[in-house]
Amino acid sequence: GMTRMSFVLCPQDSVFINGQWIKESMEITETMQGENGCDSLIRYDITQIPTPDPPTAQLNCEDGTVEVRIGAQSHWRIEWDNGDTTSSTTYQNADEATVRLTTMPDCALEYTIELPEVPSIGNINFPKDTVIARGTSIVIDLGLDPTEWKVLWSPREVLDCDTCMQVTITPVQNTRIVMQLTHISGCTLEAAFRIDLEEEHIYVPNVFSPNGDGLNDGFRAFFTDQVSILQVEVYDRWGE
């Protein structure tokens, strides 16, 4: 006759049958000889429950949350350490997530996954629009950790370094500066600001009357601090 025996193996478990360790789903038939000389067959039906893949984490750069997901078959009962029992859930302000899986007959698995670091943008000192004097420079220091952030500035021609956290910008005209930040998590930020040059206001009267009558006796030019007088020449109406 034939005797059937069934085994359900938890992931990574094994069973010893007919001189070998069985670690996967299979059918084995073993012949047993009885005392009466008659052979009997034993059929082993072995079912190995497959191991689910470890969970994965995906950072949402917009709201700073992390979605974790595990692809477990329906017979697994899922329990995350935040209380959720679905295949995917969301974590916020957490360094890691743990999920426990249980199924019949008495199988249990536990995974802990390290969550990606969420970029903290609240402490970033984003540059603002500013006005500077012509021929001068402005220094901007983002104060960010270069092991956590990378930066790319443009346009390159007005910068002393386009990948540094501290830059000196020397524009020769009104310029729009673009700053692209990339976090180690893969999240990116972009900010833009303007650097405008102060207008140079110059007014030089073309006539004065040094005759002592108290009206326009002195010659005076009017200009902003950014203007320097290099040379002055005064002529009368006949060019002398």
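Is C187 buried or exposed, going by its relative accessibility? At 6% relative accessibility, C187 counts as buried, where buried stands for under 20% relative accessible area, exposed for over 50%, and partly exposed for what lies in between, with a 1.4 Å probe and protein chains only.

This is a predicted model, in which local features need pLDDT of at least 70 and side-chain atom pairs count only at pLDDT 80 or more, while totals for chains, interfaces and linings use all residues. Residues are numbered from 1 along each chain as its sequence is written, and side-chain values use heavy atoms, with hydrogens and water left out.

A search of the whole structure gives 3 disulfides, a disulfide being a pair of cysteine sulfur atoms within 2.5 Å.

| Disulfide | S to S distance |
|---|---|
| C10 to C107 | 1.9 Å |
| C61 to C187 | 1.8 Å |
| C161 to C164 | 2.0 Å |

The link of C61 and C187 is left-handed, with -85 degrees about the S-S bond. C61 sits in the loop between β6 (56-60) and β7 (65-69), and C187 in the loop between β16 (175-183) and β17 (188-197), 126 residues apart; strands are DSSP runs of E, at least two residues, numbered from the N terminus. C61 is partly exposed, with a relative accessible area of 41%.

The torsion about the S-S bond of C10 and C107 is about -85 degrees, so this disulfide is left-handed. Because C10 lies in the loop between β1 (2-9) and β2 (15-17) and C107 in strand β11 (residues 107-114), the pair ties together parts that are 97 residues apart in sequence. Both C10 and C107 are buried.

The link of C161 and C164 is right-handed, with 80 degrees about the S-S bond.

Definitions and conventions:
Helices (H or I, at least four residues) and strands (E, at least two) are DSSP runs, numbered from the N terminus.
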